[in-house]
Amino acid sequence: LCTKKLKKKKKKMETQLKWYQNICLVVLWGIFLLISITPRCFRYYILKPFLAMLLILSHYRHRVIEENMAKSFPEKSKQEIGRLVRRYYIHLAEVAVDIISLVGASESRKDRAVEWTNVQELKEKLDGKDWIAMGGHYGCWEYLPLWSRNQRENTFMSVYHPLKNKVFDMFFQRIRKYSNNIVLIPMRNTISYYLKHRNQGIILGLLSDQSPALRADTHWFRFLNQDTAFIDGAENIAMKYKLPIYFAYTTRVAPGKYKVRMDQIYDGKEEVSKNEITQRYAHHLEEMIKEQPELWMWSHKRWKHTPEGQERRFGTCTLEK
């Protein structure tokens, strides 16, 4: 029943594209499909360096990247930050190749992309139950929904932020359908969808490291040497509906290949204070970033909001020391 609904929804969304947008989507998919079937050595040792060179020469968001890194690692010299910026460009090129490689990917290629280190442990605890999988824009974040292949009796609710460009939005929706038990839910519909399907084995896949909208009750944490706000939706859902939360601790082991361990940061029962779960998430994310800093998405304007801005606008400010 779930698969039928998804097919109807997908067909309805495709018909919303104008005729020329459908042509663009077909052409884009066709080009990336041709690239994805080329040998791995071509994709990661020829295409990836070429894309990295384009990013470096174009100085893609260079000022934003450099400023974010310098503030996050004040102990590093200008030369060290420069090398880290170049490594980030190389990683960004690799993520692009990872995503292209998912177009029309075989089942075996999907399985080889990620080594999940504690699958059996989680299956014994969580099969048929609702829980939250939290990750960040780290490594190839598009791999997180691949967990759905481990728990096929559960439904993986992949929450995403719709893109303004409808062609690319539809393109990424097609890519993210790794398994029949994945549903793609726009961020604004997260709560409404979950309430309709709760207690049916729902896995909420959430990336919570982007900059949230500034509110009067925004809470600030010390993260990477800066006062940082986090999206707190996962914490609010977990505490209200007693859902366990697992953090996807990711390590890159080879080009296009990662090892992921699901670490529990909340069991769904523990009595915790407000913001404690988000604090744990921030801590795990920071520790992961420090291991391989070039793997995080530094080109995002992560710190566009500040406690000072909140105080000017709302007259309130809460800092986590």
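Where is the place of His-59 in the chain? His-59 sits in the loop between α3 and α4, where helices (H or I, at least four residues) and strands (E, at least two) are DSSP runs, numbered from the N terminus.

## About the model

This is a predicted model, and residues are numbered from 1 along each chain as its sequence is written. Local features need pLDDT of at least 70 and side-chain atom pairs count only at pLDDT 80 or more, while totals for chains, interfaces and linings use all residues, and side-chain values use heavy atoms, with hydrogens and water left out.

## Two positive phi angles

Let us stay with His-59 for a moment. His-59 has a positive phi of about 55 degrees although it is not a glycine. At 49% relative accessibility, His-59 counts as partly exposed (buried means under 20% relative accessible area, exposed over 50%, partly exposed in between, with a 1.4 Å probe and protein chains only).

Asn-275 is not a glycine either, and has a positive phi of about 80 degrees. Asn-275 belongs to the loop between β9 (257–266) and α11 (276–291), and is buried, with a relative accessible area of 12%. As background, most residues other than glycine have a negative phi.

## Salt bridges

Side chains of opposite charge can pair when their charged atoms come close. There are 17 salt bridges in the structure, each being a side-chain nitrogen of Lys or Arg within 4 Å of a carboxyl oxygen of Asp or Glu. One of them joins the side chains of Lys-48 and Glu-94, at 2.6 Å from N to O. Lys-48 lies in helix α3 (residues 40–58) and Glu-94 in helix α5 (residues 78–101), so this pair ties together parts that are 46 residues apart in sequence. Both Lys-48 and Glu-94 are buried.

Another salt bridge brings together the side chains of Glu-107 and Arg-149, at 2.7 Å from N to O. That pair links distant parts of the chain, 42 residues apart: Glu-107 is in helix α6 (residues 107–113), and Arg-149 is in the loop between β2 (131–135) and β3 (155–160). Glu-107 is partly exposed, with a relative accessible area of 42%, whereas Arg-149 counts as buried at 11% relative accessibility. Asp-232 forms a salt bridge with Arg-215, and the closest N and O atoms are 3.1 Å apart. Here Asp-232 is in the loop between β7 (226–229) and α10 (233–241), and Arg-215 is in the loop between β5 (202–207) and β6 (219–223), 17 residues apart. Asp-232 is buried, with a relative accessible area of 16%, and Arg-215 counts as partly exposed at 32%. Through salt bridges that share partners, Glu-107, Lys-110, Asp-111 and Arg-149 are joined into one network.

## Helix α3 against helix α5

The helices that hold Lys-48 and Glu-94 also pack together: α3 and α5 meet at an angle of about 130 degrees, with their axes 8 Å apart. Axes are lines fitted to C-alpha atoms, for helices over the stretch in contact, and angles run from 0 to 180 degrees between N-to-C directions. The two helices, α3 and α5, are therefore oblique to each other (angles under 35 degrees count as roughly parallel, over 145 as roughly antiparallel, 65 to 115 as roughly perpendicular and the rest as oblique). The crossing of α3 past α5 is right-handed, a crossing being left-handed if the near helix is turned anticlockwise from the far one by less than a right angle, and right-handed if clockwise.

Which residues meet here? Those of α3 include Leu-47, Lys-48 and Leu-51, and those of α5 include Ile-90, Ala-93 and Glu-94. By class, this contact of α3 with α5 has 12 nonpolar, one polar and four charged residues. In this scheme Ala, Val, Leu, Ile, Met, Phe, Trp, Tyr, Cys and Pro count as nonpolar, Asp, Glu, Lys and Arg as charged, and the others, Gly among them, as polar; contact means heavy atoms within 4.5 Å.

Lys-71 is in helix α4 (residues 62–72) and is partly exposed, with a relative accessible area of 45%. Leaving aside its neighbours within four places in sequence, Lys-71 is in contact with Leu-224, Asn-225 and Gln-226. Lys-71 and Gln-226 are 155 residues apart in sequence, yet 7.3 Å apart in space, C-alpha to C-alpha.
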